[in-house]
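Hi,

Here is the structure I promised to pass on.

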Amino acid sequence: MIPRRRFLQAAAATAAVTSLPALTPTPALAAGREREGTITDLGPASVTSPLGNAEFVGDVLYLGSRGLAPNVVGAWDLGQDKVTAHFDITSGVGIWAMCKVGTDVYVGTHSRSDLYRIDTLTGTTTKVAEYPDPYIWTMASSPDGKVYLGTSQPGRVVEYDPATGASRDLGQPAPGESYVRSIQADDTHVYAGVGSNAHLVAIDRRTGDKRELLPAEVADRDWVSSMSISATHIAGGMNSLGELIVLEKTNPAAYQVVKATAPGEKYVVSVLIHDGWVYFAGRPSGTFYRYRIEDGTYEVLGVPFPEAQTVRILEHGGRIYGVQEPGVFVYDPATGGIEYVSHVAKGFKAAPEEPMSVHSDGERVYVGGKGGCDVHDLASGEVTRLPIPGEPKTIMTANGITYLGVYTQAALYSHRAGDAEAELLLRTGHNQDRPKDLCHDRATGLIVMSTQPEPGHQNGALDVYDPRSGRLDTYRPVVERQTVFALTARLGTVYLGTSTQEGLGSPPVTSTARLAAFDLRRREVTWEAEPVAGATSITSLKHTALALYGITGDGVLFEFDPRRRKVTRTLKVCDRGGDLVLSGTKAYTSDEDAVYKVDLIAFTARKIVDGLASDWFGGGSRITIDPSRKALYGLKGRNLIRIAI
């Protein structure tokens, strides 16, 4: 097995060499004041090649990407040991779903949901269908060559017939549930794994009749999020206790529940039944396991790449291939050995992705994406990759240490400039998975992170971390039936801006976003208010000595007096609110296309740049301010830009 540090360094170096232009020190950093709104292009913001799924046809492993533009399927020819071709997938933001019918590979995208066929004999790619669902999560083919898709939202099953090009809606396996996250098919049935309340449903392919297979013992789980079938058995990975269920097709009452034993394991993310064994992978640990159906033998095979998600497990030539975001591991049952392979080193395309976060510590800019951050050195123009297992959603620096809130697992990492890796400080737990904001309170020295619950769960949380002692205290709920999206801290109080959205897929039960104050010494909410009627989210929050300033999801800026607990002024700035930053009596915010300057005295706004067409993951916009208060950093397309202020 390749040591993790050496593999990370090799993969990052390969991506940088093959993908990044040589950058010279930017003139934007020269002495003197620039004209407001001057843009300096710093090159691709984040270059990566995360994988979302894969499929074998003969001796070629077809690997699908996520987050590139366009996304691609790369053909890794095992005989030549290199990627010999790429096939562009021109819609959607990523490939989660792949299957094969004969020598054709089918690819399903998300946001938007389109179905493509790659003819591996001719090398042609054709879009064959499109669907209104936001996500195609999972696909499988039946022995007679039909393709079955699991979608959200809502969670439904669709049959596509390659012979006719027709699609048939098989409906919702579990009405009211938002996600079909795993799917398999045999001669007679389609098997659908459902969340965010777990179901395992058999659908008769001829009649459409549905039958619940999940035993009552595990009916309270969150998901059946991964699945594999054999002629006799079904194996499903369940969240969020890190369990595998194995049951007989003809007698679902004959089942076993197998616990993934790595400490803290929550998810079984990929499953394969092969040669009497069930191979499965866990998360967050990244551990690889197997279980023998006949006699219950259970083995921990190793950790191919710590904390990486395994998106697919496949068998070829007697060996087991585990496809992960950063690469592919290969397990040989004959020897017990595990080899790790960088797909980028084999020739897979690395390209600019849709970033998720941006932050400047004054000397460098961190751009968060899938599997880590690209770190841009502002003096030299050099770009290095900081690998992190997950997606940095929010970043800040305090006392010389940069903190990163990482999805999934609502994890908090720290990084010191110059270190090759970030350090895991904590995982929140409490059914939280998506960090939303970070702040530092100078009066108490505490770091505060807000998090969104896992899909289908209620109540976001507030995490209070003491970097001196390492102690974590988590408060859930903090604002009842809402998620805290925005934070700012002053003199021992952290102010909270919320969203009515709880876990994804859960309809909001409250109508208006709130502003609240949380006393860090007493550890309690001292007051709440609803600053803007009808607003469903407060996307960013900042403060001065006298006032709080927040912006809503629909672009309304508000000024709030915390002593009188009263909104003093509002201003419609744009149609979609993003980040808000302050510099003296000026504030800056952005939408996808423009950056706005707000005069906090006159309470007026104007554009200072437009035409950005910023391509952030999930839409919206992000900006950060340089500590010098002379520049902002954001995106133009997928390139990092510096904007003089």
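Below are the points I picked out, grouped by topic.

A bit of housekeeping first: this is a predicted model, where local features need pLDDT of at least 70 and side-chain atom pairs count only at pLDDT 80 or more, while totals for chains, interfaces and linings use all residues. Residues are numbered from 1 along each chain as its sequence is written, and side-chain values use heavy atoms, with hydrogens and water left out.

Cysteines. A disulfide here is a pair of cysteine sulfur atoms within 2.5 Å, and searching the whole structure turns up zero of them. For C439, the closest cysteine sulfur belongs to C373 and sits 19 Å away, so that is too far for a bond. C439 is also buried, at 8% relative accessibility, and C99 is buried at 3%. (Buried means under 20% relative accessible area, exposed over 50%, and partly exposed in between, using a 1.4 Å probe and protein chains only.)

Strand 33. Strands are DSSP runs of E with at least two residues, helices are runs of H or I with at least four, and both are numbered from the N terminus. Strand 33 covers residues 364-369, and six of its six residues are buried, so the rest of the structure largely encloses it. In a regular strand, side chains alternate between the two faces of the sheet. In strand 33, R364, Y366 and G368 are buried on one side, and V365, V367 and G369 are buried on the other.

Its neighbours. Two strands count as paired if DSSP finds at least two bridges between them. Strand 32 (residues 357-360) runs antiparallel to strand 33 and is joined to it by four bridges, with V358 opposite V367.

D81, a non-glycine residue, has a positive phi near 55° and is partly exposed at 38%. N399, also not a glycine, has a positive phi near 55° and is exposed at 71%.

Cheers
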